[in-house]
Amino acid sequence: METLRHVVVFVHLIGFAVLFGAWAVQAFGGKREFTRLMTYGMVIAAVAGLALAAPWGMAAGPDLNLHMKIGVKLVVLLAIGALLGIGTSKQRKTGSLSPALFWLVGILTLANAAIAVLWR
Ligand code: HEM
């Protein structure tokens, strides 16, 4: 069971890497727009994250702090999803993306990684 959990953490990290990597390519040298790869990475991180948040992830027993951490990560993820959804459709219609939407997705993605690693 523990090994399976580690595999899901691994998949979760791949999702994070795809989302942040795709964003970084656009941010540093590319066009500051959303790409399909960002949405794919977000979906992978979301599915694996939700799997990790299921009770088997609470191997140490119910822990209020862990629940808060996961709740905050879920809210941040929903914000990323909303921004990607709104931004992608605006981009498709108008051909351009507002810088605020673009930068927020990168910042919120890093914020979730920071919460995952630093909130103990
Ligand atoms: C874009 C969104 C997300 C990013 C960038 C992200 C990033 C990360 C990273 C870097 C780790 C590894 C930390 C470690 O192993 O110490 C991690 C672990 C984890 N994440 Fe996420 N995550 C995201 C969304 C979510 C969501 C939505 C949930 C649950 C609703 C979630 C639940 C977890 C859990 C349970 C772990 C296992 C490690 C732990 O207990 O802290 N994540 N995440």
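Leaving aside its neighbours within four places in sequence, asparagine 112 is in contact with Lys73, Val76 and Leu77. Contact here means that the C-beta atoms of two residues, placed from the backbone, lie within 7 Å. Asparagine 112 sits in helix 4. Helices are DSSP runs of H or I with at least four residues, strands are runs of E with at least two, and both are numbered from the N terminus.

Before going on, a word on the source. The model is predicted, so local features need pLDDT of at least 70 and side-chain atom pairs count only at pLDDT 80 or more, while totals for chains, interfaces and linings use all residues. Residues are numbered from 1 along each chain as its sequence is written.

Back to asparagine 112. Is asparagine 112 buried or exposed? Asparagine 112 counts as buried because it has 23 C-beta neighbours inside 10 Å. The cut-offs are these: a residue is buried if 20 or more other C-beta atoms lie within 10 Å of its own, exposed if 12 or fewer, and partly exposed in between, with C-beta atoms placed from the backbone. Asparagine 112 and threonine 3 are 109 residues apart in sequence, and their C-alpha atoms are 24 Å apart in space.

Asparagine 112 also brings us to the ligand. Which residues come nearest to the ligand? Of the 23 residues around it, they are Gly49, Leu52, Leu77, Asn112 and Ala116. A residue is near a molecule or strand if its C-beta atom, placed from the backbone, lies within 6 Å of it. Two or more residues of the shell come from each of helix 1 (2–27), helix 2 (36–53), helix 3 (64–94) and helix 4 (99–118). Helix 2 gives the most, with seven residues. By class, the shell has 17 nonpolar, five polar and one charged residues. In that count Ala, Val, Leu, Ile, Met, Phe, Trp, Tyr, Cys and Pro are nonpolar, Asp, Glu, Lys and Arg are charged, and the others, Gly among them, are polar.

Now the chain as a whole. The protein chain has four helices and zero strands, and along the sequence the pattern reads α-α-α-α. Its C-alpha atoms fill a box of roughly 50 × 25 × 20 Å, taken along the principal axes. Of the 120 residues in the chain, 19% are buried. Among contacts between residues at least 6 apart in sequence, 71% join residues at least 24 apart.

Next, helix 1. This helix has 26 residues and reaches 37 Å from its first C-alpha to its last, close to the 38 Å expected at 1.5 Å a residue. The expected span is 1.5 Å times one less than the number of residues. Which residues of helix 1 are buried? They are His12, Phe16, Leu19, Phe20, Ala22 and Trp23, and the buried residues of helix 1 pack against helix 2 and helix 4. After helix 1 comes glycine 29, with a positive phi near 110 degrees.

How do helices 1 and 4 meet? Two packed helices are described by the angle between their axes and the distance between the axes. The axes of helix 1 and helix 4 come within 10 Å and cross at roughly 145 degrees. Axes are lines fitted to C-alpha atoms, for helices over the stretch in contact, and angles run from 0 to 180 degrees between N-to-C directions. From helix 1, Phe16, Leu19, Phe20, Trp23 and Ala27 meet Val105, Gly106, Thr109 and Ala113 of helix 4. By class, that contact has seven nonpolar, two polar and no charged residues.

Phenylalanine 102 lies in helix 4 and is buried, because 20 other C-beta atoms are within 10 Å. Leaving aside neighbours within four places in sequence, phenylalanine 102 is in contact with Arg32 and Leu97.

Leucine 84 is in helix 3. Why does leucine 84 count as buried? Because leucine 84 has 21 other C-beta atoms within 10 Å. With neighbours within four places in sequence set aside, leucine 84 is in contact with Phe34, Met38, Thr39, Met42 and Val105.

Last, isoleucine 70, in helix 3. Isoleucine 70 is buried, with 20 other C-beta atoms within 10 Å. Isoleucine 70 and leucine 50 are 20 residues apart in sequence and 9.1 Å apart in space, C-alpha to C-alpha.
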